[in-house]
Amino acid sequence: METSTTPRTESADVIDADGFTPVRIKQVIRETSDAVSLVLDIPAPSVDRFRYAAGQFITIRATVDEVEHRRCYSMSSSPAVDPDLRITVKRDRDGLVSNWINDSVSVGDELHVAPPEGRFVLTTTEHNVVTFAGGSGITPVFSLVHSALATTRKVRLFYANRNLDSVIFREALATLAEGNNGRFAVHHHLDEIDGMVSTEHIARFIADSARDNTDYYICGPAPFMDTVERVLLDTGIPKQQIHLERFSVAAIPPTDATEPVVTEEVTIELGRSTATAPYRAGNTLLQTARLAGLKAPSSCETGSCGTCMAQVVEGRARMLNNDALDDDEVAEGWVVTCQALPTSRTVRVVYE
Ligand SMILES: Cc1cc2nc3c(=O)[nH]c(=O)nc-3n(C[C@H](O)[C@H](O)[C@H](O)COP(=O)(O)OP(=O)(O)OC[C@H]3O[C@@H](n4cnc5c(N)ncnc54)[C@H](O)[C@@H]3O)c2cc1C
C-alpha cells in the first residue's frame, strides 16, 4: 500500500511523468459507516495547479497490494467556502480502492494525485440551481450547492439514499437549509420508506419550481440519473441546462455488426513523434499509443476528464464512454483515447 511517510520537500512543485503529485492526507473524517472524507494537504508550490471549480474531480493513483490503480474523486469541498481540498469516498460493494481508502488510509499518508478536471461546474453566475444526488453522487453536488449559495441564487436538492444512516452530510445540509434565508431546500428521498426513485417522484419535485434561468445538475447511480434526465427532458427543459456527472462507465454500445472491420494499423502523432503500430484487437487508442512507445497524456482513464483527448484525422473510432467531449467536438473527430476503439482498417490519430 502507498502509505509512505517520508518528509516532503516543499521547495518545488513536484510532478511525475504522468502528471501526479505526492500529497499528504491532513484529516480523515468518518461521514457514515461506509463513507469517509479526506482533507488533502496540497504542497504550497503546487497550490496553483490544484485550484478547482465546484463540481470538479481529481484523479488518485493508489498502489494497493503492489498493483497501481487510478480512480477519480470529486471534491466535496467548495472553493467558495473551504480553505482545503476535500474528497469524500463511499465504499463500492466489493470495490478495491474505495474500500482501501475507507479502511486503510490515515492522517500523514501520502497519495499521488493529478490536478482537478471536469465540466460538471456552474456555467453561469446568476441562474438558480436545482440538483439531484443519489448516494455518493452528493460529493460534487455538495460542492456546487455551497458555491451557488455563496452568491444570491436559490438552490434545491433532491437527495436519494437507501436509508437515513447512509445519508452523507445530513447535518451539514440541515444547517445550510436553516441558515440561508430560504434560499436552500433539501428533499430527502429514502428508498426504504419511499421506494425506489421513480419518474413521479422527480416530476413532483420539480412541479412548482420555476424553469427559466435555472440549471439542473444530476449525479448518482446510472438508473437514478437516467430517470431524472428523462423527466427533465420530457418536461421541456433544454438539454443545455442539464448537467450530468457519471461515476461509472455506461454499458458498452454494440458495434455495427453489419460492417465488421478489422483494424490493421494505427498511426499516432504526439508532439514531434509519429509512430505506426500494428493494432492488437481490443486495445484502446491510448493503449495502442503506449505500446508504440509514446508517452500519451492520460489521467482518469474512464472517459471523464478529457486529458487523453486526440483527434481522429483519418479512419474511424468509437468510444465506449465519453463524459468529457461535447457533440461538436465528437463531430470534429475528437475522442477520449482511453475509451476509443478503432473501427476502420487504418486510423490516424493526432494528440494536441
Ligand atoms: C468523474 C468521477 C468522479 C467520481 N467521484 C467520486 C466521489 O466523489 N466519491 C466516490 O465515492 N466515488 C466517486 N467516483 C467513483 C470512483 O472513481 C470509483 O469508481 C469508485 O470508488 C469505485 O472504485 P473501487 O476501486 O472501489 O471499485 P472497483 O474495484 O473499480 O469496482 C467497482 C465495481 O465493479 C465491480 N467489479 C470489479 N471488478 C469486477 C469484475 N472483474 N467483474 C465484475 N464486477 C467487477 C466491483 O464489485 C464494484 O462493485 C467518481 C468517478 C468518476 C468517473
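In the predicted model, helices α5 and α6 pack against each other at an angle of about 50 degrees, and their axes lie 9 Å apart. The crossing of α5 past α6 is right-handed. At this contact, Thr199, Ile202, Ala203 and Ile206 of α5 meet Thr227, Val228, Arg230, Val231 and Leu232 of α6.

Five strands with parallel pairing are arranged in the order β9-β8-β7-β10-β11. The edges are formed by β9 (184-190) and β11 (242-245), each of which pairs on one side only. On average, and with direction ignored, neighbouring strands of this sheet are turned by 15 degrees against each other. Within the sheet, β7 (residues 128-134) and β10 (residues 214-219) run parallel and are joined by six bridges. Val129 has Asp215 of β10 as its bridge partner. Helix α5 (residues 199-207) packs on the sheet through contacts with β7, β8 (155-161) and β9, and its direction makes about 160 degrees with that of β8. Helix α6 (residues 222-234) also packs on the sheet, where it touches β7, β8, β10 and β11; the angle between its direction and that of β10 is about 160 degrees.

Thr125 is placed in the loop between β6 (110-117) and β7. Its relative accessibility is 63%, and Thr125 therefore counts as exposed, the cut-off being over 50%. When residues up to four places away in sequence are not counted, Thr125 touches Thr151 and Arg153.

A second open sheet contains six strands in the order β4-β3-β6-β1-β2-β5, with antiparallel pairing. Strands β4 (67-74) and β5 (85-90) stand at its edges; each has a single partner strand, so one side of each is left without a neighbour in the sheet. Neighbouring strands here are turned by 40 degrees against each other on average, direction ignored. Four bridges connect β1 (residues 21-32) with β6 in the antiparallel sense, and Thr21 stands opposite Val113 in β6. Helix α1 (residues 96-104) lies across β1, β2, β3 (57-64), β4, β5 and β6, and runs at about 80 degrees to β4.

Leu40 belongs to strand β2 (residues 35-41). With a relative accessible area of 1%, Leu40 is buried. Beyond residues up to four places away in sequence, Leu40 touches Val23, Arg24, Ile25, Lys26, Ile58, Asp84, Leu85, Leu111 and Val113. Leu40 and Ala275 are 235 residues apart in sequence and 39 Å apart from C-alpha to C-alpha.

In soluble globular proteins, nonpolar side chains tend to be buried together. The largest nonpolar core of the model comprises 27 residues, of which Ile268, Leu285, Val349 and Tyr351 touch the most other members. At least two residues of this core are supplied by each of β12 (265-270), α7 (285-291), β14 (309-314), β16 (334-336), β17 (340-342) and β18 (346-351). Leaving aside neighbours within four places in sequence, Leu285 is in contact with Val266, Ile268, Val312, Ala317, Val335, Thr337, Ala340, Pro342, Val349 and Tyr351. A second, separate core has 24 residues, among them Val141, Ala148, Leu176 and Phe184.

Terms used:
Residues numbered from 1 in each chain as written. Predicted model: local features only at pLDDT ≥ 70, side-chain atom pairs only at ≥ 80, totals over all residues. Heavy atoms only, no water. Pairing = 2+ DSSP bridges. Axes fitted to C-alpha atoms, helices over the stretch in contact; angles between N-to-C directions. Contact = heavy atoms within 4.5 Å. Core = buried A, V, L, I, M, F, W, Y, C linked by side-chain atoms within 4.5 Å. Buried < 20%, exposed > 50% of the residue type's maximum accessible area, 1.4 Å probe, protein only. Left-handed = near helix turned anticlockwise from the far one by under 90°.
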